[in-house]
Amino acid sequence: MTATHEAVARRLRDAYGGGVVPPLRDALEPTDVQGAYAVQTINTRFWEAQGRRIVGRKAGLTAKAVQAQLGVDQPDFGVLFDDMRVADGGRLDPARTIQPKAEAEIAFILGGDLSNPDTTAQQVAAAVASVHAAIEIVDSRIADWQISFADTVADNGSSAFFVLADEGSPLAGLDLEGAAMEMTVNGAVASTGIGAAALGNPLNAAAWLARTLAGRGEPLKAGDILLAGALGPMVALTPGDQVEARIAGIGTCSFTYKA
């Protein structure tokens, strides 16, 4: 990590309270994976020192539709903190966001550690305690979402908040790959997709994340929440919106975007 990484990290932290910043191209090349994760790590450590608690991770850019929207071609990850969770059926105050979008996902709560840098989807399946419908509210501190891969990685995977269905299901017998997703906004269908959008199967996305984190010495642990990636396109939010995600065979969750 360099002084440049520290400066970029500070720029992003300041944006949470002061609005968006231009793309980070003056300091990070669009494909600078190591530099971008260095910036993310600096801010993760800063926030932990401020008392925020890590409760899991999110895999991002696992759906081709979202990759196309953002002009990237590989997955990424970000950190989930305890204060990012919005209660199922609860509210998210628009004042806490900048330019948010919602996406429906399948989430796992782990019942075992995943510390093998060669973790397989089958090993992830054996470690899953429960499967949940989820909504991730992504947001960007980068003006107008003009992000490169490095921009979104540095910015904690463009993550902001998440909703996890209160009710989970055991993994056994679930068709994750074929699970149809429908996300509605104010009762109208706004996004559709299927479990296979997440790297062919959400367990594949989870295994990618487990391998990547284990290789970094930050393995997933029992109790962690894992968001396995969007199942369809993101939808921009407007104050007053009621958002519900329904994933066939898995469940539903919802929130309202208002104070």
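## A buried ring to start from

Let's begin inside this predicted model with phenylalanine 77, which has a relative accessible area of 2% and is therefore buried. Its ring has a partner: tyrosine 37 and phenylalanine 77 form a stacked aromatic pair, with 4.5 Å from centre to centre and 15° between the planes. The two come from distant parts of the chain, since tyrosine 37 sits in helix α2 and phenylalanine 77 in strand β2 (residues 76–81), 40 residues apart. Tyrosine 37 counts as buried too, because its relative accessibility is 8%, under the 20% limit.

The structure holds three aromatic pairs.

Tryptophan 47 is buried, with a relative accessible area of 12%, whereas tyrosine 16 is partly exposed at 38%. Ring pairs join Tyr16, Trp47 and Phe81 into a cluster.

## The whole chain

Stepping back, you can find six helices and 13 strands in the chain. The C-alpha trace spans about 50 × 45 × 35 Å along its principal axes. A compact globule of 259 residues would have a radius of gyration near 18 Å, and the 17 Å of this chain agrees with that.

Of the 259 residues, 54% count as buried. Among contacts between residues at least 6 apart in sequence, 76% join residues at least 24 apart.

## Surface and charge

The accessible surface comes to about 10,300 Å², and carbon and sulfur atoms account for 48% of it. The chain carries 20 positive and 30 negative charges, whose mean positions are 4 Å apart.

Key
Residues are numbered from 1 along each chain as its sequence is written. This is a predicted model: local features need pLDDT of at least 70, side-chain atom pairs count only at pLDDT 80 or more; totals for chains, interfaces and linings use all residues. Side-chain values use heavy atoms; hydrogens and water are left out. Helices (H or I, at least four residues) and strands (E, at least two) are DSSP runs, numbered from the N terminus. The radius of gyration is taken over C-alpha atoms; the globule rule is 2.2 Å times the number of residues to the power 0.38. Buried means under 20% relative accessible area, exposed over 50%, partly exposed in between (1.4 Å probe, protein chains only). Contact means heavy atoms within 4.5 Å. Accessible areas come from the Shrake-Rupley method with a 1.4 Å probe; for residues, only the protein chains shown count as cover. Lys and Arg count as positive and Asp and Glu as negative; His and the chain ends are not counted. The place of a charge is taken as NZ of Lys, CZ of Arg, CG of Asp or CD of Glu. Rings of Phe, Tyr and Trp (its six-membered ring) pair if their centres lie within 6.5 Å; planes under 30 degrees apart count as stacked, over 60 as edge-to-face and the rest as tilted.
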